[in-house]
Amino acid sequence: QVQLVESGGGLVQTGGSLRLSCAASRNIVRINYAGWYRQAPGKKRELVAEIGTTDKINYADFVNGRFTISRDNSKSTVYLQMNALRPEDTATYYCNLGIITVDDAFDSWGQGIQVTVSS
């Protein structure tokens, strides 16, 4: 099993920025798939951004150019840079990685990290 550790969340004012990180707990060969999702209270979990094997990136419509997803296989880490944050971005953010190790493949989820944007 591969554990994912998320960091970088917190409280920020409207218009501010945060960078979320999602790091795998062990060395990996590569990250095939990386996705950031979020869930606000009373709402369903929704996709924020994802990057696939061929580096094709997909963003939710609400991102509107404000967020950037990236991955660093050498550091076994995926990032979500969030700029121009709005109160409606307040949610728990989760990373989901499709990981290849030397001897196996895993689909892992992070524990979730809170992002709160004050108005």
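Which loop holds Ser76? Ser76 lies in the loop between strand 7 and strand 8. Strands here are DSSP runs (E, at least two residues), numbered from the N terminus. This is a predicted model: local features need pLDDT of at least 70, side-chain atom pairs count only at pLDDT 80 or more, and totals for chains, interfaces and linings use all residues. Residues are numbered from 1 along each chain as its sequence is written, and side-chain values use heavy atoms, leaving out hydrogens and water.

**Loop residues with positive phi**

- Ser76 has phi near 55°, a positive value in a residue other than glycine.
- Ser76 counts as buried because its relative accessibility is 7%. Buried means under 20% relative accessible area, exposed over 50%, and partly exposed in between (1.4 Å probe, protein chains only).
- Asp55 also has a positive phi, near 70°, and is not a glycine. Asp55 sits in the loop between strand 5 and strand 6 (57-59).

- Four strands form an open sheet in the order 1-3-8-7, with antiparallel pairing. Two strands pair if DSSP finds at least two bridges between them.
- Strand 1 (4-7) and strand 7 are the edges, each pairing on one side only.
- Neighbouring strands of this sheet are turned by 15° against each other on average, direction ignored. The axes are lines fitted to C-alpha atoms, and angles run from 0 to 180 degrees between N-to-C directions.
- Strand 7 and strand 8 run antiparallel and are joined by six bridges. Thr68 has Gln81 in strand 8 as its bridge partner.

**Strand 9 and its partners**

- Nine of the ten residues of strand 9 are buried, so this strand is mostly covered.
- Strand 9 pairs with strand 4 in the antiparallel sense over nine bridges. Tyr37 stands opposite Tyr94 in strand 9.
- Strand 9 pairs with strand 11 in the antiparallel sense over three bridges. Thr92 has Gln114 in strand 11 as its bridge partner.
- Strand 9 pairs with strand 10 in the antiparallel sense over five bridges. These two strands form a hairpin with four residues between them. Ile100 stands opposite Ala105 in strand 10.

**Nonpolar core**

- The largest nonpolar core has 32 residues; Trp36, Leu80, Met82 and Tyr93 touch the most other members. Such a core is a set of buried Ala, Val, Leu, Ile, Met, Phe, Trp, Tyr and Cys residues joined through side-chain atoms within 4.5 Å.
- Strand 9 gives the largest share of this core, five residues.

**Rings and charges**

- The structure holds one aromatic pair. The rings of Tyr37 and Trp109 have centres 5.1 Å apart and planes at 50°, so the pair is tilted. Rings of Phe, Tyr and Trp (its six-membered ring) pair if their centres lie within 6.5 Å; planes under 30 degrees apart count as stacked, over 60 as edge-to-face and the rest as tilted.
- Tyr37 lies in strand 4 and Trp109 in strand 10, so the pair ties together parts that are 72 residues apart in sequence.
- Tyr37 is buried at 16% relative accessible area, whereas Trp109 is partly exposed at 39%.
- The charged end of Arg38 sits over the ring of Phe62, 3.8 Å from its centre. The charged end of Arg45 sits over the ring of Tyr94, 3.7 Å from its centre. The criterion is NZ of Lys or CZ of Arg within 6 Å of the ring centre and within 35 degrees of the ring normal.
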